[in-house]
Amino acid sequence: MPELPEVEIACRKLGPLLEGKRFLHFWTDWPRGLRVFSTGQVERDITGRRIEKVERLGKAIVLALSGGRVLAFHQKMSGKVLVVPQGMKDKHIHFRFALFGSKELVLHDVRKFGVVWYGPAGEVKKEPYFASLGKDALGISFGEFKKLMESKKGMLKSLLLRQDIFSGIGNIIADESLWKAGLHPKRRAESLSVSEIKTLWKSLQSVLNRSIRLGGSTMRDWLQPDSAPGGYFQKRLVYGRKGKMCLRCKEIISRTVLASRGTFICGHCQRL
């Protein structure tokens, strides 16, 4: 699933391509993936709407449109939001938003897990996903991070993955940040010292920004909006490196399951 870096990159690339453009028409063969407005309502409402701003909320791509409308995408497991030539044939394109000119904004989604929201901004922001988002992991200050960590109990890995606490963090970023901080994923949040909380915050910011600089992680399905792959996965620190040497201490990386997610650990660097 695309995490914060991949969605941030998508928004940064989509902005120059889309802002100022107007929609021509809409099509979908997967109405079950649509929220707020129905297919017919979107078809009638979207024509002529101007794209005013592209931004990220958690792991969602959000387009602010003229007239107070919002179009938003959550790519889920296999989705990718692309700008392609109008009418491009692909059986996995399930949402098409044609633009005046020769381009389309599409959701390409092999597994059909993706979600699209369209409607008045107030109604979209009340949807469960948006209403429950916690502090954005990329923009959170140390003070805000410290306050949240000191108010929570539980395993670090589980807390980092909770979108109602730190929005945008996924499995890769959680494992990479904990390794960089030298903290075991099972470590209890209530056991951390202030200096350890600061180390974790710095590690999280470092990993997020490094991933963004390298173009995000392309493992299987995800691509940037212009179809370019990301380069972070090839330079990852610990995630997916079971059986390989730790880049810090040369011990062997192991894999376990925590918070129902595959978790990669160096038992020497990340002592419990």
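User: What makes two strands a pair here?
Analyst: Two strands pair if DSSP finds at least two bridges between them. Strands themselves are DSSP runs (E, at least two residues), helices are H or I runs of at least four, and both are numbered from the N terminus. This is a predicted model, where local features need pLDDT of at least 70, side-chain atom pairs count only at pLDDT 80 or more, and totals for chains, interfaces and linings use all residues. Residues count from 1 along each chain as its sequence is written, and side-chain values use heavy atoms, with hydrogens and water left out.

User: Why are S7 and S8 called paired?
Analyst: 5 bridges join S7 (residues 93-99) to S8 (residues 103-109), and at least two are needed, so they pair. The two run antiparallel, with isoleucine 93 opposite histidine 108 in S8.

User: What makes S1 and S6 edge strands?
Analyst: The open sheet has 4 strands in the order S1-S7-S8-S6, paired antiparallel. S1 (23-28) and S6 (79-85) each have a single partner strand, so one side of each lacks a neighbour in the sheet.

User: What makes a set of residues a nonpolar core?
Analyst: A nonpolar core is a set of buried Ala, Val, Leu, Ile, Met, Phe, Trp, Tyr and Cys residues joined through side-chain atoms within 4.5 Å; buried means under 20% relative accessible area (1.4 Å probe, protein chains only). The largest one has 41 residues, and Phe145 and Leu200 are among those with the most contacts inside it. H8 (194-213) gives the largest share of this core, 7 residues. Another core, of 27 residues, lies apart from it and includes Leu14 and Phe73.

Notes
Buried means under 20% relative accessible area, exposed over 50%, partly exposed in between (1.4 Å probe, protein chains only).
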